[in-house]
Amino acid sequence: MGNYGIKVSLGGYDVLTATDRQLALKSSKTLQKVKVSGSTTVAANTEGSITHNLGYIPQFLVYGEDPNDASNMNIGNASWLYSGLAAWADTTKVYWEIGVIGGGPFDIYYYVFYDVA
Amino acid sequence: MDYGLKVSQSGYDIASATDKQLVFSSEFNTLKVSSIGSGTANPDDVGSTVTVEISHGLGYVPAYTVFTEIYNVPGNDNDFYLAPFTYAIGGDASIIAYATSTKLYIRFGADLDGPSANNAVEYKYVIYLNKGSD
């Protein structure tokens, strides 16, 4: 089978000589694709979630309002007890929880990707 | 000369779509995946810190993400969090990822008891072609 596919170079680069990092698109390299994104709110110490039903653990990003400064959006991570915003996924949902006593509701913004984590 | 490639989202005219209404534009860089993978670490079995080393061969520090199970409380088997994990109770039970120009490292603290069988911790990673450092 021959060499085939699509390449699109970034502005200022010749697609024939561009390195992979100088490409905006290369069909042999995966680009993240959003399955679902949106916003909601969550009360303090309460679990929220979005259903994806992908049947596998997807890549995801969750941002949540900082309980100490509503102008800041924290990124959800694994540091459950300290960070304020925990975010995790299983094969059906992505979850979040802001570990703080009182306050809220807090703004949440999420992305769930088709791509496998 | 104005040239390039744009793809608009469904319902938007490519001639008038704003940047946010595009699926793709060669005017903007994208995150491109170099490699993905997964594995299991078990510091409890070896009785010391485990640092997983993943060679990426890129020659520069790449952008990356690591998703991992965490300590068995509050973590559950097959729940994957975005690293890092820092453990508030005490001991060296953190999970920290970092990268160099040759490898992605994922460090699992010696006191980490994971939620999988035999206290193992499953992890998954994505390494991008994009740089994570200048």
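This report describes the fold of chain A and the aromatic rings of a predicted model.

Residues are numbered from 1 along each chain as its sequence is written, and chains are lettered from A and ligands numbered from 1 in the order in which they are written. Because the model is predicted, local features need pLDDT of at least 70, side-chain atom pairs count only at pLDDT 80 or more, and totals for chains, interfaces and linings use all residues, while side-chain values use heavy atoms, with hydrogens and water left out.

**Chain A as a whole**

Chain A contains nine strands and zero helices; here strands are DSSP runs of E with at least two residues, and helices are runs of H or I with at least four, numbered from the N terminus. Read from the N terminus, the elements follow the order β-β-β-β-β-β-β-β-β. The radius of gyration of chain A is 19 Å, whereas a compact globule of 117 residues would have one near 13 Å. That radius is taken over C-alpha atoms, and the globule rule is 2.2 Å times the number of residues to the power 0.38. Along the principal axes, the C-alpha atoms of chain A fill a box of roughly 60 × 35 × 20 Å.

Of the 117 residues in chain A, 41% are buried, where buried means under 20% relative accessible area, exposed over 50% and partly exposed in between (1.4 Å probe, protein chains only).

**Aromatic rings**

Over all chains, the whole structure holds 10 aromatic pairs. Rings of Phe, Tyr and Trp (its six-membered ring) pair if their centres lie within 6.5 Å; planes under 30 degrees apart count as stacked, over 60 as edge-to-face and the rest as tilted. The table gives two of the pairs.

| Ring pair | Centre distance | Plane angle | Class |
|---|---|---|---|
| A:Trp88 and A:Tyr95 | 5.3 Å | 10 degrees | stacked |
| A:Tyr109 and A:Tyr111 | 5.7 Å | 50 degrees | tilted |

Both A:Trp88 and A:Tyr95 are buried. By contrast, A:Tyr109 is partly exposed, at a relative accessible area of 36%, and A:Tyr111 is partly exposed at 29%. Ring pairs also join A:Trp88 and A:Tyr95 with B:Tyr81 in a cluster.

**Charges over rings**

A charge sits over a ring if NZ of Lys or CZ of Arg is within 6 Å of the ring centre and within 35 degrees of the ring normal. A:Arg21 lies over the face of B:Tyr60, 4.3 Å from the ring centre. Within chain B, B:Lys124 lies over the face of B:Phe80, at 5.0 Å from the ring centre.
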